[in-house]
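Work through the exercises below with the model open beside the text.

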Amino acid sequence: MLRSSVVRTAATPDRDTLGSLLRHYAGAGAPLSCEPVAEGLLNHGYFLATTRGRYFLKHHLDGDHAALTRQHRATYRLAALGLPVAPPVAHTDGRTVTVLDGRCYALHPWVEGRHLGGAALTRDQSRRLGALLGLAHTALEEVMADEPHPPRPPCADAGADPERTFETIDELLALARGARPRTSFDELAEHRLLERRALLAQQAHRRPAPGAEPPAGWVHGDFHPLNVLYRGTEPTAIVDWDRLGVQPRAEEAVRAAAIFFVRPCGTLDLGKVAAYAGAYRRACGAGAEELAAAVHRVWWERLNDFWMLTWRYQLGDRRTDPQFPAAAALAIWWTREYRAVRNAFTR
């Protein structure tokens with residue numbers, strides 16, 4: 001069983017580290033302050049003020065130098081095509097990754113903006129968001145044409161195995177029931193786990209068939225409200241390209257919509273979904289059948305997924321707890337309203 005010790009943390013870089021890092025960049029100045037602004041499993045982020053400007057400093061915990069270089073190269077190329085991205089600042093020798101004491105850092109310009117979820121977006125803004133993602137997918141196909149595809153997990157083309165899901169449910173049920181002190185969250189978790197187990201038993205025959213996935217291509221990999229910055233009513237930057245990779249493109253569009261347009265009660269705003277999805281299809285040329293296949297596969301993925309409870313009960317990480325009630329309710333509602341959801345993405 002995974003334990004909380006696997007959640008990696010890192011202290012804010014000290015002044016000496018920051019000074020050493022900034023010396024790699026011409027004109028970056030000397031450090032004045034460094035404040036944490038983001039902490040994820042793949043990186044930590046900091047607002048860095050210097051005598052010459054303001055920056056976003058990213059500490060990449062996985063330290064995959066080749067992957068980072070590929071991400072940075074992609075954002076430079078996307079920016080050249082006019083996509084709203086924030087490529088890293090380059091060293092005087094052109095490199096974009098700084099390694100200090102075995103830790104990988106990248107320095108980005110600070111982008112002013114705010115995050116907007118679907119509730120804050122008008123239908124027209126939802127349409128423009130879908131068009132932006134479609135344009136990003138089309139642009140990635142162009143700028144990554146000479147990049148070798150990274151290997152995909154062996155199970156990437158098959159739907160989640162319900163038998164393995166039942167095992168996960170039993171493991172999480174034991175943890176939720178054994179939590180002390182017992183809270184309303186634990187009670188909700190137990191209720192949703194039992195509910196999902198019964199639903200999966202009813203729906204197991206609808207597991208996606210192998211080979212039924214939509215066409216794959218380069219995707220952002222983590223397109224959601226916290227990775228899109230708005231200035232006013234327009235997106236000013238798509239950030240955090242750490243999960244850049246090759247996946248079915250339409251599935252990213254469906255996953256993003258399920259995050260942007262989920263309501264607190266666990267339903268989707270299907271009017272905004274339809275506006276978003278129609279613009280996405282027009283921007284990248286995806287057909288209705290491609291989106292229908294993606295809807296089915298992402299629905300099945302959601303029905304079998306308990307990552308938020310895994311974070312809480314097996315990793316000791318409660319950052320996603322506020323998202324759980326809506327996300328858990330969405331899987332149930334989506335099953336009941338399957339046809340309406342599919343129509344919103346395909347009509």
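**Exercise 1. Where does Pro-181 lie?**

Step 1. Pro-181 is placed in the loop between α4 (162-178) and α5 (184-203). Helices here are DSSP runs of H or I with at least four residues, strands are runs of E with at least two, and both are numbered from the N terminus.

Step 2. The peptide bond joining Arg-180 and Pro-181 is cis, with omega about -5°. Most peptide bonds are trans.

**Exercise 2. Decide how far the coordinates can be read.**

Step 1. This is a predicted model, in which local features need pLDDT of at least 70, side-chain atom pairs count only at pLDDT 80 or more, and totals for chains, interfaces and linings use all residues. Residues are numbered from 1 along each chain as its sequence is written, and side-chain values use heavy atoms, with hydrogens and water left out.

Step 2. The chain has a mean pLDDT of 93, and 94% of its residues reach 70 or more; pLDDT is the predictor's confidence in each residue, from 0 to 100.

Step 3. For residues 1-8 the pLDDT is below 50, and this stretch has 16 contacts in the model beyond near neighbours in sequence. A contact means heavy atoms within 4.5 Å. Where pLDDT is low, the predicted coordinates should not be read in detail.

**Exercise 3. Describe how α2 packs on α3.**

Step 1. Helix α2 (residues 65-80) and helix α3 (residues 123-143) have axes 10 Å apart and pack at about 115°. Axes are lines fitted to C-alpha atoms, for helices over the stretch in contact, and angles run from 0 to 180 degrees between N-to-C directions.

Step 2. α2 and α3 are therefore roughly perpendicular (65 to 115 degrees; under 35 is roughly parallel, over 145 roughly antiparallel, the rest oblique).

Step 3. From α2, Ala-74, Arg-77 and Leu-78 make the contact, and from α3, Ala-139, Leu-140 and Val-143. By class these are 5 nonpolar, no polar and 1 charged residues (nonpolar: Ala, Val, Leu, Ile, Met, Phe, Trp, Tyr, Cys and Pro; charged: Asp, Glu, Lys and Arg; polar: the others, Gly among them).

**Exercise 4. Characterise Asp-101 and Asp-240.**

Step 1. Asp-101 has a positive phi of about 50°, and phi of Asp-240 is near 60°. Most residues other than glycine have a negative phi.

Step 2. Asp-101 sits in the loop between β4 (98-100) and β5 (103-109) and is exposed, with a relative accessible area of 77%.

Step 3. Asp-240 belongs to the loop between β8 (234-238) and β9 (245-248) and is partly exposed, at 22%.

How values were computed:
Buried < 20%, exposed > 50% of the residue type's maximum accessible area, 1.4 Å probe, protein only.
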